[in-house]
Amino acid sequence: MAMALREETIVQQYESDFGTEVFEFGISEYLNIPRMQGIIDAFLAVRKLPGDVAEFGIARGETLRQLGLFMKANGIKKALHAFDTFTGLPEPEPVDNQSIHLVTGLYRHPVSEVMTYLNDCDVVVIHEGHIKNTGPSFKKPLCFAAIDCDLYAGTYAALQVCGRVIGKGGVIVLDDYETSWEGVTAAVQKWWGAGKKGWRMERPVYNPGLHPGQLRFWRE
C-alpha cells in the first residue's frame, strides 16, 4: 500500500477486488494530514472486516464523511455511527487540564448542520448525548472506531463501548494521548491499565511535531 501527500488531500493507493485503486481523501478544518493519514491507514487495514464504523466526538463530521465517501465509492456497505453531544465540549472535570483550550461548548455543531454536511454519505446513524448515556445500549459490532473526545469522561466511555463491540481484527484510533488534553491520557491509562487481554496497542508517528498523540488499539 503506497501513498502520496498533496495540499488539502491524501492520495491513497489500495488493493481492491479490481486491482490497485486510487482515492483522494480531503483535508479540512479538523483533519490535518498526519492525523488523517493515521486514520486512513488503520481503516484501510480493516475495511473488509464485518462490522460498522463509528466516531466518538465527531465535531462537524469530517472523519466520518471521508470514510463514508470512500465506502460509497467502493460499494462497502457499513453504517456510520456518530456519537456526540452536538452542543460542543461538555464542562471539563478536575482530571482534565484546565487550559484555555477547554472551553465549554467548543466544537459545537448542531445535528442539523452535521446531517447536511453528511448528506452525500449513505448510512449515518446519530447517537446524540453524552456517550456515558448513549453508549451502554449500543450493541452493533464495529470493525473501526475513531475516538476524539478531548475530555476524560467521553474518552473513557467511548473506550468502554469499543471494548465491547470491536470485532476480531478491528481497530480503535484514538487522538490526543499524552498531549495537553490530560483527561484523554488519564482515560486511556485507566482503561488500559488493568490489562486488556486480546488487545494490542501501538503508537504510529507520522510527524511528531504535528500530531504525536495518536494511538491504535487492535483487537486480536
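Before looking at helix pairs, I noted that axes are lines fitted to C-alpha atoms, for helices over the stretch in contact, and that angles run from 0 to 180 degrees between N-to-C directions. Contact here means heavy atoms within 4.5 Å.

**Ground rules.** I am working on a predicted model, where local features need pLDDT of at least 70, side-chain atom pairs count only at pLDDT 80 or more, and totals for chains, interfaces and linings use all residues. Residues are numbered from 1 along each chain as its sequence is written, and side-chain values use heavy atoms, with hydrogens and water left out.

**Overview.** I found six helices and 10 strands in the protein chain; these are DSSP runs (helices H or I, at least four residues; strands E, at least two), numbered from the N terminus. Of the 220 residues, 50% are buried (under 20% relative accessible area, with exposed over 50% and partly exposed in between, 1.4 Å probe, protein chains only). Among contacts with a separation of 6 or more, 68% join residues 24 or more positions apart.

**Helix pair.** Next I looked up α1 and α2. They pack at an angle of about 40 degrees, with their axes 11 Å apart. The pair is therefore oblique, as angles under 35 degrees count as roughly parallel, over 145 as roughly antiparallel, 65 to 115 as roughly perpendicular and the rest as oblique. On the α1 side I see Arg-35, Met-36, Ile-39, Phe-43 and Leu-44, which meet Thr-63, Gln-66, Leu-67, Phe-70 and Met-71 of α2.

**Cores.** I then turned to the nonpolar cores, sets of buried Ala, Val, Leu, Ile, Met, Phe, Trp, Tyr and Cys residues joined through side-chain atoms within 4.5 Å. The largest has 33 residues, and Val-53, Phe-70 and Phe-144 have the most contacts inside it. Elements giving two or more residues to this core include α1 (33-46), α2 (62-73) and β7 (142-147). The most comes from α1, with seven residues. I checked Val-53 too: leaving out residues up to four places away in sequence, its partners include Phe-43, Leu-67, Met-71 and Phe-144. Another core, of 32 residues, lies apart from that one, and Phe-56, Ala-158, Leu-159 and Ala-187 are among its members.

**One last residue.** I picked Ala-153, which sits in helix α5 (residues 152-165). Is Ala-153 buried or partly exposed? I get a relative accessible area of 33%, so Ala-153 is partly exposed. Ala-186 is 33 residues from Ala-153 in sequence, and their C-alpha atoms are 9.8 Å apart in space.
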